[in-house]
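Hi,

Here is the structure I promised to pass on. Have a look at it first, and then read on for what turned up.

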Amino acid sequence: MSLVAEASDFLQVFSDGTVKRFAPDIVTSAMQPKNAYKFKDLVIHPSKPITARLFLPESSEPKPFPVLVYFHGGGFCIGSTTWLGYHHFLGDLSVTSQSIILSIDYRLAPENRLPIAYEDCYSSLEWLSLQVGNEPWLKQADLSRVFLSGDSAGGNIAHHVGMRAIRCRVPCVTIKGLLLIHPYFGSEKRTEKEMSDGAASDVEMNDMFWGLSLPEGANRDYYGCNFEMHYVSAAEWSEFPAAVVYVAGLDFLKERGVINSLAPTTYDQLHQEPLVIAADDYHQ
């Protein structure tokens, strides 16, 4: 058994298909904060399995909260809503935005290659529409104001889940907007930053994650990676929700976030452009 892929401190993949993941510190359901918000873990689909962490901000009076559905990053291969960084970020965001946040733990590649992550995360919207009358913490949820968000691979997922929601019409759920944080897209063609001096190791790692997550036999022009290869009608784009895209100023994939956000075959047909926010070269 030999090592065939490795992301230092995060992931090892062996020739027999075994995957070893090295998780950072996590927050368990027993570690409740003392104020501001509360959280609990839920099962979205027991047989797959798909789980989630639900965040509810404290409120002095009952009121409807918008719902933000969040998909974590990690190249489709690592990550969890239980990770310390994700947990505190989303708990604080719940308080600041005064929104209910549903953070999804979808099945990971390479054991579960794309499009499984898209299917798992879309099923969270179906679960939400069915549970809003049954789950006590969702009694204050306003499903006419649902937002999709995620970082890196999670930003990619949010885009594709948003598109499927247009096509499939989840009952009672209205997607009002997307908040994409340095979304993870690609293509067989390299960008200028990817070909620049000093980017070789980053590009190699990036290619490794795509190789582990794409369907067997697919390349980086697969629609999930290069969404310009995904046929979308003008009528469908006309219904695509408003989007804000955050890109990191020093990220070698920065061009991907900007280029894919402004692709003429996509958002221009919407007769509006997404708001793209970039950190400058001095602040990440």
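Before you dig in, two housekeeping points. This is a predicted model, in which local features need pLDDT of at least 70 and side-chain atom pairs count only at pLDDT 80 or more, while totals for chains, interfaces and linings use all residues. Residues are numbered from 1 along each chain as its sequence is written, and side-chain values use heavy atoms, with hydrogens and water left out.

**Overall build**

The chain has six helices and 11 strands; these are DSSP runs numbered from the N terminus, with helices being H or I of at least four residues and strands E of at least two. Its radius of gyration is 19 Å, which agrees with the value near 19 Å that a compact globule of 284 residues would have. That radius is taken over C-alpha atoms, and the globule rule is 2.2 Å times the number of residues to the power 0.38. Along the principal axes, the C-alpha trace spans about 55 × 50 × 40 Å.

As for the surface, the chain exposes about 13400 Å², with carbon and sulfur atoms supplying 54% of that area (Shrake-Rupley method, 1.4 Å probe; for residues, only the protein chains shown count as cover).

**The core**

Buried residues make up 51% of the 284. Here buried means under 20% relative accessible area, exposed means over 50%, and partly exposed is in between (1.4 Å probe, protein chains only). In soluble globular proteins, nonpolar side chains tend to be buried together. The largest nonpolar core in this model holds 78 residues, and those touching the most other members are Leu11, Val69, Phe71, Phe76, Leu125, Leu148 and Ile157. A nonpolar core is a set of buried Ala, Val, Leu, Ile, Met, Phe, Trp, Tyr and Cys residues joined through side-chain atoms within 4.5 Å.

Not counting residues up to four places away in sequence, Leu125 touches Val69, Leu148, Val161, Ala165, Val170, Val173 and Ile175. With Val170, 45 residues apart along the chain, the C-alpha separation is 6.9 Å.

Most residues other than glycine have a negative phi, and most peptide bonds are trans.

Arg169 has a positive phi, near 60 degrees. It lies in the loop between helix H3 (153–168) and strand S9 (175–181), and is exposed at 52% relative accessibility. His182 also has a positive phi, about 30 degrees; this residue is in the loop between S9 and helix H4 (200–213) and is partly exposed, with a relative accessible area of 30%.

**One more residue**

Lys38, in strand S4 (residues 37–45), is partly exposed at 38% relative accessible area. Leaving out residues up to four places away in sequence, Lys38 touches Gln32, Leu54, Phe55, Leu56 and Trp137.

Cheers

Note on methods. Contact = heavy atoms within 4.5 Å.
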